[in-house]
Amino acid sequence: MTADRADQRFDEVWLKVAGLRIHCLTAGGSGPAVLLLHGSAFDAAGVSFGSAISTLSTRCRVFAPDLPGFGESDAMPDGWGFADYSAFLSPLLIELGLQRASLVGLSMGGGVALGFALDAPERVERLVLIDSACLSDTIPGGRSTWFAVHFPGLSALQWRILASSRRAMRWALRGAVPHRPEWVTPALLDHVMKVMRKPGAAAAFRKWERREVRWHGLRTSYVDRLAGLAVSTLILHGADDSLLPVAVAKRAHSLIPNSQLEIIPNCGHLAPLDQPDAVSRALREFLHAA
């Protein structure tokens with residue numbers, strides 16, 4: 001099935017992976033394989049990576065799945081954490097017919113990609129971490145995030161408000177991309193709100209947040225394993241990221257043996273949305289350098 005969204009053209013396929021029905025965007029007919037892994041909350045493959053899919057597909061085969069619990073895919077299985085998402089990539093690659101692929105992960109997707117690259121480096125050609133999770137055990141956003149996640153009903157109320165109010169959703173999206181307000185189009189609002197209104201869309205995600213966000217820090221951090229990462233890695237980080245400070249990316253760069261670091265100016269946490277041209281250029285240069 002071919003679809004157009006926000007002037008981007010791609011194919012949509014449905015996969016059966018580990019018993020779950022998974023929605024995946026694909027583009028490009030030849031070249032090395034690249035798997036794009038989106039962030040959390042309202043994110044999905046067609047939200048954060050629309051521009052990157054178009055850019056990379058000229059020289060790569062691009063695959064951008066909605067991870068379980070996000071977008072149009074089946075709900076996240078109860079009890080999942082970062083390690084489960086990383087393990088999920090193995091059967092996903094098999095279903096896509098890929099022995100190896102380069103992985104590009106944003107925020108939560110970065111943590112998922114990093115975990116897989118640490119456990120199965122032979123299956124990862126190159127790794128790109130964009131404003132990535134799991135590079136620190138510090139809670140993104142500090143203690144206020146812990147209260148938002150663990151205060152009974154607060155997270156559910158926030159989700160309900162966003163899913164029911166276009167004005168609130170527009171405000172949240174513009175806050176996520178402060179340098180690109182024009183990105184928040186009516187079509188994008190329609191797409192995000194449709195996904196958020198799916199029955200039970202956020203239930204498993206909220207449980208995942210409560211497992212991963214602990215009072216003393218995040219449950220999953222790979223800092224102690226970064227020195228052993230055996231994959232060529234590009235770290236992209238927004239200079240104005242308020243959730244994960246630049247210091248986190250700089251420390252990761254100092255620990256990962258074969259890594260490059262690029263700090264993107266005038267850019268918040270969702271770099272592919274806030275500065276899509278800079279991110280697309282960096283991805284092209286890194287992934288096509290092999």
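**Rings, cysteines and a pocket**

Visitor: Over the face of which residue does R126 lie?
Guide: R126 is placed 4.8 Å from a ring centre. A charge sits over a ring if NZ of Lys or CZ of Arg is within 6 Å of the ring centre and within 35 degrees of the ring normal. The ring in question belongs to F286.

Visitor: What kind of model is this, and from which number are residues counted?
Guide: The model is predicted: local features need pLDDT of at least 70, side-chain atom pairs count only at pLDDT 80 or more, and totals for chains, interfaces and linings use all residues. Side-chain values use heavy atoms, without hydrogens and water, and along each chain, as its sequence is written, residues are numbered from 1.

Visitor: How far is the charged end of R21 from the centre of the ring of W14?
Guide: R21 has its charged end over the ring of W14. The distance to the ring centre is 3.9 Å.

Visitor: Is the pair of W80 and Y85 stacked or edge-to-face?
Guide: Rings of Phe, Tyr and Trp (its six-membered ring) pair if their centres lie within 6.5 Å; planes under 30 degrees apart are stacked, over 60 edge-to-face, and the rest tilted. W80 and Y85 are 5.0 Å apart, centre to centre, with 85° between the planes. The pair is therefore edge-to-face.

Visitor: Is Y85 buried or exposed?
Guide: Buried means under 20% relative accessible area, exposed over 50%, and partly exposed in between (1.4 Å probe, protein chains only). Y85 has 0% relative accessibility, so Y85 counts as buried.

Visitor: Which residue joins W80 and Y85 in a cluster?
Guide: The cluster is linked by ring pairs. Besides W80 and Y85, its member is F88.

Visitor: How many disulfides are there?
Guide: A disulfide is a pair of cysteine sulfur atoms within 2.5 Å. For C134, the nearest cysteine sulfur is that of C267, 20 Å away, so C134 is in no disulfide. By this rule the count is zero.

Visitor: What is the volume of the largest pocket?
Guide: On a 1 Å grid over the protein atoms alone, a pocket is an open set of points where a 1.4 Å probe fits, with protein on both sides within 12 Å along at least five of seven lines; lining residues have an atom within 4 Å of a point. Grid points are joined across faces, edges and corners, and the volume is the space filled by probe spheres set on them. For the largest pocket this is about 1400 Å³.
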